[in-house]
Amino acid sequence: MLSIYNTLTGKKEPFQSLQLKTVRMYVCGVTVYDYCHIGHARSALVFDVIRRYLEFSGYQVDFVKNFTDVDDKIIKRANERGVSCDVITAEYIEAYYQDMGKLGVRRATNEPKATQHMAEIIELVATLIQKGLAYQVAGDVYFQVDKYPAYGRLSKRKLEDLLAGARVDVDERKRHPMDFALWKSSKPGEPSWESPWGPGRPGWHIECSAMSMRHLGETFDIHGGGMDLIFPHHENEIAQSCGATGKEFARYWVHNGFVQINQEKMSKSLGNFFTIREIFEKSEWPDDITGEMLRYFLLATHYRGPLDFSDHAIQEAKQALDGFYDLFHRLAEVESQSTGDQRLGEAIRRVREQFTQAMNDDLNTPMALAAFQKLRSDVNKLVEQGLSTQARQQARAAFRELGSVMGLFQLDTWRFNPVRIQESQIISVQDEERAGVKGSLSDTNIDSKLAERNEARKQKDFKKADEIRQFLASHGIVIEDKPDGTSRWKR
RNA sequence: GGCGCCGUACCCAAGUGGCUAAGGGAGCAGUCUGCAAAACUGCGAUGCAGCGGUUCGAACCCGCUCGGCGCCUCCA
């Protein structure tokens, strides 16, 4: 049974969905005015894994993740470029799908946009006014926080405390300094929608209340997002939603920790953030491998803790994955020995048990990875003892199945060496290879070189054998000799 | 000023009251090997920022101190 940390109660709780076999989950997506950075990646990935694990556990997951496509920053960006907001949002939604796609983040079952829910938003604002929880000032509508007694229950703050720390000049027209906008009248040139309060656009928080209710109902199971959304965004969502319906809103509030650079939060003002596409562009590995490296890196720390991003950390993830794919490489070979076969079932049963236990404990992905490492070690030993072709396939399938929950171990080919094109390093080149680019040797080329080398080894011509190895190494090919005199290779 | 987080070996990172403090990387030693790679075996924190307290028992609970950070304004 899954236990999950609930920000609302401040402790781990057994997870129980409202409907028997369905989980309804809403996650705050991104405001589409720029490329996503590694912090967005973490958030998207964490909830992607929660979703996958719930599905793995037998639930159907109705997963809603929004795009905020009306916002000050979008308007600003549109004005800078002299285009409409639609152009900006369309561009960055597309970029989002590209970047998250490379990371293997699955699309939510529903990905609504604020601009497509104006009717629901306006209706919700009207309800709040009607209930006396919101008031109109000129063309603006504000939520009156002191009319909602439970205000602050998510972020554990008191209204008085918030006032003391207020860093912004208070708008004189507000009844209470912490009141926040539900509807903003539009200035000329800004996108606007007709409303009972005049032309305007929604405040930031109201869209999530409106869209989650529209797609998941008034009360649903999980609401998530980054830690920074706890206040004010989620606090305000609760006030609006509960205020309007008189019912509980989301039951489990789940928040992921930040990605940091050198112990500091990434931010544009510090200039210390990395976009996802920048990371892929700079990577010396193919996209599918870079994506898996990033996933491994992001999941190697518990989702609620802080996570420091660095090249070194990414390389460690690569090394860890190399170990797994090295094993998968060997598992793909044909073998008739089967001494180790009978022990395999036990090892797989154990990893399944450990994996489930780890994930059930508040999605402890680092512990789940440790379980995979244990299986890797076990299977390596069994391979040494002799594992039949069939058992090898069974082992590979186990990694693939459990790994799929974290989006790992799904690739059929892997690269152990970066592809570096440096002509000057070519050592001995024969005509047919001279034409080719470094690192682009075909499999048949490699196989024939290898056959040549093994013939030389048989003749004890180790000088020639080493030359061939060196030649292949310069193309990023590593040879591993097997006890039986044949060799395997990897790139 | 309020709310909160983090500090575990060279690095990353689980564990949050009770067997020998997971796991990975790096390192060292060994097995295997023509060499190599991979794999395997062994070594590695008598201690979990520091001090004090609670307890039969604490890295885990409480208090204080030190160091680092976040939120309270848009932010994953």
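The axes of α10 (residues 311-331) and α13 (residues 389-406) come within 9 Å and cross at roughly 150 degrees. Here an axis is a line fitted to C-alpha atoms, for helices over the stretch in contact, with angles from 0 to 180 degrees between N-to-C directions.

A word on what is loaded: this is a predicted model, in which local features need pLDDT of at least 70 and side-chain atom pairs count only at pLDDT 80 or more, while totals for chains, interfaces and linings use all residues. Residues are numbered from 1 along each chain as its sequence is written, chains are lettered from A and ligands numbered from 1 in the order in which they are written, and side-chain values use heavy atoms, with hydrogens and water left out.

Stay with the first pair and show side chains. On α10, pick Phe-324, Tyr-325, Leu-327, Phe-328, Arg-330 and Leu-331; they meet Arg-392, Ala-395, Arg-396 and Phe-399 of α13, contact meaning heavy atoms within 4.5 Å. By class, this contact of α10 with α13 has seven nonpolar, no polar and three charged residues (Ala, Val, Leu, Ile, Met, Phe, Trp, Tyr, Cys and Pro count as nonpolar, Asp, Glu, Lys and Arg as charged, and the others, Gly among them, as polar).

Next, select α4 (residues 118-130) and α7 (residues 230-245), whose axes come within 9 Å and cross at roughly 70 degrees. That makes α4 roughly perpendicular to α7. Leu-124, Thr-127 and Leu-128 of α4 make the contact with Gln-240, Gly-243 and Ala-244 of α7. The classes here are three nonpolar, three polar and no charged residues.

While α7 is selected, look at Pro-232, which is found in this helix.

Now zoom out to chain A. Count 16 helices and 15 strands, taken as DSSP runs numbered from the N terminus (helices: H or I, at least four residues; strands: E, at least two). The C-alpha trace spans about 95 × 50 × 35 Å along its principal axes. Of the 491 residues in the chain, 53% are buried (under 20% relative accessible area; exposed is over 50%, partly exposed in between; 1.4 Å probe, protein chains only).

Color the cysteines. A search of the whole structure finds zero disulfides, a disulfide being a pair of cysteine sulfur atoms within 2.5 Å. For Cys-36, the closest cysteine sulfur is in Cys-28, 14 Å away and too far for a bond. Cys-36 is buried at 6% relative accessibility. Cys-242 is likewise buried, at 10%, and its sulfur lies 14 Å from the closest one, in Cys-208, again too far for a bond.

Between α11 (341-360) and α12 (365-385) is Asp-362, with a positive phi of about 55 degrees although it is not a glycine; Asp-362 is buried, at 1% relative accessibility. Between α15 (443-458) and α16 (462-474) is Lys-460, with a positive phi near 60 degrees; Lys-460 is exposed, at 62%.

Finish at Thr-486, in the loop between β14 (478-481) and β15 (487-490). Thr-486 is partly exposed, at 36%, and touches Asn-454 and Asp-481, not counting residues up to four places away in sequence.

Methods: Parallel < 35°, antiparallel > 145°, perpendicular 65-115°, else oblique.
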